[in-house]
Every structure is written in structure tokens, then in C-alpha cells.
Amino acid sequence: MYETTPKLSQFAYLKAAATNNTAAPFLAGQVNIFVGPDFVGTGSIATVAPTEPFDLFLGVDEGIRVKREEVKDKTGKAGLFRNRQKKVFAYKITIENYKDKPARVIVYDQLPISANDDIKVAAGETLPALDKDTGKLTWTLDLKPREKRDLTFDFTVDWPEGKPVQGL
């Protein structure tokens, strides 16, 4: 499968799930990575006990294209009798599979989490799986060969007027 966090990187990373099926542990350190007979790079692993499953990241795959763009950024007043600022954010993530075979792609993004009771974050209606404690958004896509998919999400931040808000 592939994993991507378009907010941080425009690349999709190939991830393999493996199990240590030997009687000895795999010791932590550098590993050479091959896909079939082809050397694709180096990586590292932590110590893996016998029969323990582990994940191995095999690097960027240029056959999966990722793009994230902001499609709405609207600031205005909020509250009927209170002086509050409100800002709506909306994003579009485009994932394209240029490969000749299907690809499972896990896409991560995040909503902001307010640490201040005066600052409110309201999630939009078009969200995927959301971890409310961390704000983590997760989409799991099964893309057909040459398929392109758009993902959209939005949220609103509301805060007292004149109060500085950082990280928006």
C-alpha cells in the first residue's frame, strides 16, 4: 500500500507489511531494499522479534501523484451580538494512479485543535474518518489503474476579534 500526507509532502510512499518468520530477531540497523530483483534504496528498521509483524517503507513511488490545494479562504464576522472573527478553510487533495495496476492509498491530513476555549474549530460536513482528540483525518482509497480521485474537506475557525490566533 501507499501512504501520503499531502500537507507535508507531494509524494506517496510505498509501505510493505512484513513478518519476521525466522527463529532469530532482526537487529536494528540499516537495510538494503529490493523490489523483486531491483535495488530501490536503503532504509532502517528497529529490532524485530521472531514472529513479530513490522512495517517497512520502501520510498517514493512516482507512479502515484499527489496534490493539495486550498480552495477557500474566507474571513468574516461571526456572532450576532459579539465581535468575533471567523475564517473558513477548504482544501482539495487530488490523488492519481498512473500505474498499470490498482493501488491502495492511505491519505492523511489534519484539522487544527484549539487549546483555548475562546477559539472554536468546527469541522465541515465532508470529512472522512476523524480522530477528534488529534484532529487526524484518514482516507483509504482503492484506486484503479489510471484513476484520479479528488478529496475535499473544510473547517471553520471562530475566535474573539482582536485576539491574535497563530498557526492558521
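A salt bridge is a side-chain nitrogen of Lys or Arg within 4 Å of a carboxyl oxygen of Asp or Glu. In this predicted model, the structure holds nine salt bridges, and the views below show some of them.

**View 1. K15 and D55 form a salt bridge.** The closest N and O atoms of K15 and D55 are 3.3 Å apart. Because K15 lies in strand β2 and D55 in strand β5 (residues 53-78), the pair ties together parts that are 40 residues apart in sequence. K15 is buried, with a relative accessible area of 17%, whereas D55, at 45%, is partly exposed.

**View 2. The side chains of E3 and K15 meet in a salt bridge.** Here the distance from N to O is 2.8 Å. E3 belongs to strand β1 (residues 2-4) and K15 to strand β2 (residues 11-19), so this contact ties together parts of the chain that are twelve residues apart in sequence. Both E3 and K15 are buried.

**View 3. E3, K15 and D55 are linked in a network of salt bridges.** K15 takes part in the pairing with E3 and also in the pairing with D55.

**View 4. K99 forms a salt bridge with D61.** The closest N and O atoms of this pair lie 3.1 Å apart.

How values were computed. Residues are numbered from 1 along each chain as its sequence is written. This is a predicted model: local features need pLDDT of at least 70, side-chain atom pairs count only at pLDDT 80 or more; totals for chains, interfaces and linings use all residues. Side-chain values use heavy atoms; hydrogens and water are left out. Helices (H or I, at least four residues) and strands (E, at least two) are DSSP runs, numbered from the N terminus. Buried means under 20% relative accessible area, exposed over 50%, partly exposed in between (1.4 Å probe, protein chains only).
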